Amino acid sequence: MKKIQKLLDKIGSIESMDLALKATLVLFLFSEWVVGDDWRFMAPILTLSALGLVIPELHKNKYLWYVLAIVLFLKTTANWWTQDNHLFVNLYWVIAIAFALSFKDSVGILARNSRALIGLVFFFATIWKILSPDFSSGTYFHFTFLTDSRFAEESKILGDQSRTDIAENINMMRKVASNEIETATLKSNDSIRLSTKFITWHTILIESLLALVFLLPSRFKLTNYRNYLLLLFALTTYLTMPIHSFAWLIIAMGISQTHEKEKLDRSLFILSLPIMLLYKFVPFMQWIADAF
């Protein structure tokens, strides 16, 4: 037990900003989600990320991050209508890093900005989910679990939907899209309807709580739980949701806003990064589905 505590203390003693910046560059270097497939943006993002990781202290150079911000801004404007909405957060984060590194209190400024950014991301996500009838009614998750093969295991676990059922549903939607038929009745059941409604409101609840604890001033006791709530969100949500690069980004932002008294929290954030890699490459949900 003492050895574990010693290890956690050692991990937690790494400077929050130092680790957050390196984690962000690692994400840029290995995530197709960030770099895309356009060489005009891919080449500078990969080159700058690699240089930032191998050249000592370059990852703390504001000009590196300003150039990255410009490249990501140009990439965003070039793909404005088709870009993944999570990538806008990625751009805001890089701008926040460049801005923070321009001042002496870079660690404190980045911590405050990352805290505000996390809070605002979940605040606007919650507002959209509540105001969107398709989401708040449970329709979004219900339809997704019936027609998206990436959620085949979850559909089997929650509603006893087979891969054959999902394949037939996908085929029916293709026929509708190609005007072969006007309407389609998808294979579903009461169990998956109830489960997806639960997932819908669980998502709204936890995201609204995250918005609250990250936007509240630190003098409120409720904010003491923000790191653990963010960890709980990441470890549970991204086990099933195939957006692990965004999970890595959120965790990097979480690391950056931990202060010196939160070494345990910082250690847990750091240890959660390889867990996100395991979620991406190890078929945990398939194993669970096979057990049912």
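A cavity is a set of grid points where a 1.4 Å probe fits but cannot get out, and its lining residues have an atom within 4 Å of a point. In this predicted model, the structure holds 1 cavity of 30 Å³ or more. By class, the lining of the largest cavity comprises 4 nonpolar, 3 polar and 1 charged residues.

The largest pocket has a volume of about 1,300 Å³. It is lined by 42 residues, of which H86, K129, T203, E207 and I243 are the closest to its centre. At least two lining residues come from each of α6 (86-100), α7 (106-131), α9 (139-147), α10 (152-159), α12 (190-215), α13 (226-240) and α16 (284-291). Among the contributors to this lining, α7 gives the most, with 8 residues. The lining of the largest pocket divides into 28 nonpolar, 9 polar and 5 charged residues.

The second largest pocket has a volume of about 410 Å³. Of its 16 lining residues, L27, F30, S31, S245 and K280 are the closest to the centre. Helices α2 (16-30), α3 (32-35), α14 (244-256) and α15 (263-281) each supply at least two residues of the lining of this second largest pocket. Its lining contains 11 nonpolar, 3 polar and 2 charged residues.

Aromatic contacts were examined next. A search of the whole structure returns 14 aromatic pairs. In one of them, the ring centres of Y279 and F284 are 6.2 Å apart and the ring planes stand at 85°, so the pair is classed as edge-to-face, the cut-off for that class being over 60 degrees. The limit for burial is under 20% relative accessible area. Elsewhere, W128, F135, Y140, F141, F145 and F151 are linked by ring pairs into a cluster.

Two lysine side chains are placed over aromatic rings. The charged end of K129 sits over the ring of F135, at 5.4 Å from the ring centre. F135 is itself a member of the aromatic cluster, and K129 is among the residues closest to the centre of the largest pocket. The charged end of K280 sits over the ring of F281, at 5.7 Å from its centre. K280 is also one of the residues closest to the centre of the second largest pocket.

S195 lies in helix α12, and α12 supplies at least two residues of the lining of the largest pocket. At 16% relative accessibility, S195 counts as buried. The side chain of S195 reaches the backbone oxygen of S191 at 2.9 Å.

Note on methods: Residues are numbered from 1 along each chain as its sequence is written. This is a predicted model: local features need pLDDT of at least 70, side-chain atom pairs count only at pLDDT 80 or more; totals for chains, interfaces and linings use all residues. Side-chain values use heavy atoms; hydrogens and water are left out. Rings of Phe, Tyr and Trp (its six-membered ring) pair if their centres lie within 6.5 Å; planes under 30 degrees apart count as stacked, over 60 as edge-to-face and the rest as tilted. A charge sits over a ring if NZ of Lys or CZ of Arg is within 6 Å of the ring centre and within 35 degrees of the ring normal. On a 1 Å grid over the protein atoms alone, a cavity is a set of points where a 1.4 Å probe fits but cannot get out, and a pocket is an open set with protein on both sides within 12 Å along at least five of seven lines; lining residues have an atom within 4 Å of a point. Grid points are joined across faces, edges and corners, and a volume is the space filled by probe spheres set on the points. Helices (H or I, at least four residues) and strands (E, at least two) are DSSP runs, numbered from the N terminus. Ala, Val, Leu, Ile, Met, Phe, Trp, Tyr, Cys and Pro count as nonpolar, Asp, Glu, Lys and Arg as charged, and the others, Gly among them, as polar. Buried means under 20% relative accessible area, exposed over 50%, partly exposed in between (1.4 Å probe, protein chains only). A polar contact is a pair of N or O atoms within 3.5 Å; within protein, one must be able to donate a hydrogen and the other to accept it, and residues adjacent in sequence count only if both atoms are side-chain atoms.
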